[in-house]
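Subject: Structure for you to look at, with notes

Dear colleague,

I am passing on the structure we spoke about, together with some notes on what came out of going through it.

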Amino acid sequence: MTETMKHTLLFVFVGVMILLEGMTDFLFFSGSWNSALVILNMGLISAIMAIGVNIQWGFAGLFNVGIMGFTALGGLAVVLVSTPVIPAAWSSGGVSIVMALVMGALTVVSAVMITKFMPAGKLRMLVLSAVMIVGFIVYRAIFDPAVGSVEAINPALQGNIGGLGLPVLLAWPAGGLLAAGAAWLIGKTALGLRSDYLAIATLGIAEIIIAVLKNEDWLSRGVKNVVGLPRPLPYEVDLQADPTFVERAASWGMDPVTASTVYVKAGYALMFTVVLLALLWMAQMALKSPWGRMMRAIRDNETAAEAMGKDVTRRHLQIFVLGSAICGIAGAMMTTLDSQMTPGTYNPLRFTFLIWVMVIVGGSGNNFGAVLGGMLIWFFWIKVEPMGILLMELVTAGMAEGSALKAHLLESASHMRLFTMGLILLLVLRFSPRGLIPEK
Amino acid sequence: MDLLNALVALTNYVIVPGLSYGSQLALGALGVTLIYGILRFSNFAHGDTMAFGAMVTILLTWLFQSAGLSAGPLPTALLALPFGILGTIALMLLTDRTVYRFYRQQKAKPVIFVMVSLGVMFIMNGLVRFIIGPGDQRFTDGERFVISARTFKKLTGLDEGLAIKTTEALTVVTAVIVVAVLFWFLNKTRTGKSMRAYSDNEDLALLSGINPERVVMYTWMIVAALATIAGVLYGLDKSFKPFTYFQLLLPIFASAIVGGLGNPIGAIAGGFIIAFSEVTITYAWKKVLTYGLPESLAPDGLVQLLSTDYKFAVSFAILIVVLLFKPTGLFKGKAV
């Protein structure tokens, strides 16, 4: 069996799994097309995130554990781009908030300038702390009242600065841009230090982004969540009320309710596939180009690449920004799919470390591997729970009815997820470190 | 009088919590820094090791409580702690044997070790959730306060009360004892000296006949003990929840790096620096300032620099500043 055959079969395997999920309710399958499409949609998004991480790790050897932060920024972009404009918010405090943020940025920039251009010594410390303290006080003085007045507007539904009222699809590239901007800032400070430090810095920034999203109510309503975001596809209820659709559903032999849900989800799947294929094509082209070869040369031997006149830190920054932008796009797509922004649900185990498992299992350095890993691991992430319950039922079958241990085991089966993912990661790292589809 | 009140308020809300949180961070950071010094990688599973140790201790504490054992005014968890440490040591040695040793023999790059530690983190996290569940657990018992706010007010006649929880006092005392023992061990015993030698110069240590596997084994045992103690103290002082322990990773790493990765004294100093910055920046200074300043200058607002939810941002900002200006940390660490 050739390599290509084997790799195609792996993809076919994932496809068959998802088809089985729709067709049969044998063992851990649910036999519902809705559930199959839900898995497929999140699988596609996971695959895109995995491509982003693979670009950073597989192409350039950068260890980014802040994926959750970039994903969340993508989600924020959806809120800021697609929700309707709230004129009252802008007239009452929105402008001041923007001004305050500009003031804050200016303070930081001038602090950086001072450290760069003033000679080191007591005077520099003095000027620096004076600028920082004055900047902070001015920032808070403008910011606090403005936030208060924005949050006072219709707090049950809005209380934030609202969005631009643009089509939601525009939010996807916007999410990428937002994530790219954040990545540039982090990369500027943390790249060029040793690899562990980038990991810790990205871990920190992701936590901070989530903290900001949870607490800054004026931005995206914080933990009060933004629900009912605009959708690029029609609502199920509207479809069910549409006589032509009901007729078409009848001709497919489905009842209108199921047909409408499947129709919408399949629509999303189609859109996500288009984005995935486009990004995959671009990543593939980049990998094969002289630029991609340069990246891999830097990854394999930084000193040699530097000797050839390559600016390693700049190239690292470039690829860090690109990979993070892809994660931002995926984050925006995910928020669009959920049509709600819930900062409380971002969890690093699910949004950062699971993506890493996908990349390592799929095969780091290979874009197809990343896509395969994304789809496959997502399927297992969803299905480990029913599998665990099945397993526990099997284990506890012999135990006495109503024993405490049995109850505990059955109840805890759903926590098998993390354990299984860790086990998969360790096994792959140990016995097949190059992954399912290795780098060529 | 007002000045005294200000001082008491400051001690009550800033110094006492800062000291106990700092001790917890310092113990955690010591574990991270030892792993970094001897095994040369950043251990992402450390937070979950703490959670595992605390979990074993909690389960035993419940067992002891139901058996009627108690430590008088002190929490029962202290009795269970040695057994918790033993359990964690067993798990650590097992992990090292089954997971890390392979990569040591391969001489894998540090970043591979970090990735492997991610896998271990997942497994431990899953294990803890599987056994004890993801929810909050409280296991503190015994006397609640060394000195409560009311007694203090009565004793001194001041308006401000000073409350010191038993767990806070216990944390600081335990941390001092543990650190003293650790430094005695590292500086005076043969094994400790061989550990430091191995950390300073691996080749030279091997040349002089130090057995690397033994050094690694002792390191894991010490780290397991430190992690368990830190985890239990944190759980006693606040509460036990697996996810919080995972989130402690960031301040712990920040402490270790600020002090200089691989340097034990640095880890302790780093722990207190991070803890006090977090507490002072997120504390609302209104009360202290109202007492301390003359009437006319008394502040209107809360005088809170950042809301408490941004405490991660504080440790992170300190971390970035240190990385930018002094990448080896305040006390010379190994990392560049």
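This is a predicted model: local features need pLDDT of at least 70, side-chain atom pairs count only at pLDDT 80 or more; totals for chains, interfaces and linings use all residues.

Chain A contains 18 helices and two strands. Its radius of gyration is 25 Å, close to the 22 Å that the globule rule gives for 440 residues, so chain A is as compact as a globular protein of that length. Taken along the principal axes, the C-alpha atoms of chain A fill a box of roughly 75 × 60 × 50 Å. Of its 440 residues, 43% count as buried, and among contacts between residues at least 6 apart in the sequence of chain A, 81% join residues at least 24 apart.

Chain B, for its part, has 14 helices and two strands. The radius of gyration here is 21 Å, close to the 20 Å from the globule rule for 336 residues, so chain B too is as compact as a globular protein of its length. The C-alpha trace of chain B spans about 70 × 55 × 35 Å along its principal axes, and 48% of the 336 residues of chain B count as buried. Among contacts in chain B between residues at least 6 apart in sequence, 75% join residues at least 24 apart.

**Where the chains meet**

The contact takes 34 residues from chain A and 35 residues from chain B. On the side of chain A that touches chain B, the elements giving two or more residues are α7 (195–215), α15 (348–362) and α18 (416–431), and the largest share, 13 residues, comes from α7(A). By class, this side of chain A has 21 nonpolar, seven polar and six charged residues.

Ser412(A) lies in helix α17 (residues 404–412) of chain A and touches Phe130(B) and Gly133(B), if residues up to four places away in sequence are not counted. With 18 C-beta neighbours inside 10 Å, Ser412(A) counts as partly exposed. Ser412(A) and Glu385(A) are 27 residues apart in sequence, and their C-alpha atoms are 9.9 Å apart in space.

**Other helices of chain A**

Helix α5 (residues 122–151) of chain A has 30 residues and reaches 43 Å from its first C-alpha to its last, close to the 44 Å expected at 1.5 Å a residue. In α5(A), Ile142(A), Ala146(A), Val147(A), Val150(A) and Glu151(A) are buried, and the buried residues of α5(A) pack against α4 (87–117) and α8 (217–220) of chain A.

Helices α10 (residues 243–252) and α11 (residues 256–288) of chain A pack at an angle of about 100 degrees, with their axes 9 Å apart; α10(A) and α11(A) are therefore roughly perpendicular to each other. Phe245(A), Val246(A), Ala249(A) and Trp252(A) of α10(A) make this contact with Pro256(A), Ala259(A) and Ser260(A) of α11(A), and these residues divide into six nonpolar, one polar and no charged.

With best wishes

Note on methods
Residues are numbered from 1 along each chain as its sequence is written. Chains are lettered from A and ligands numbered from 1 in the order in which they are written. Axes are lines fitted to C-alpha atoms, for helices over the stretch in contact, and angles run from 0 to 180 degrees between N-to-C directions. Helices (H or I, at least four residues) and strands (E, at least two) are DSSP runs, numbered from the N terminus. Angles under 35 degrees count as roughly parallel, over 145 as roughly antiparallel, 65 to 115 as roughly perpendicular and the rest as oblique. Two residues are in contact if their C-beta atoms, placed from the backbone, lie within 7 Å. Ala, Val, Leu, Ile, Met, Phe, Trp, Tyr, Cys and Pro count as nonpolar, Asp, Glu, Lys and Arg as charged, and the others, Gly among them, as polar. The radius of gyration is taken over C-alpha atoms; the globule rule is 2.2 Å times the number of residues to the power 0.38. A residue is buried if 20 or more other C-beta atoms lie within 10 Å of its own, exposed if 12 or fewer, and partly exposed in between; C-beta atoms are placed from the backbone. The expected span of a helix is 1.5 Å times one less than its number of residues.
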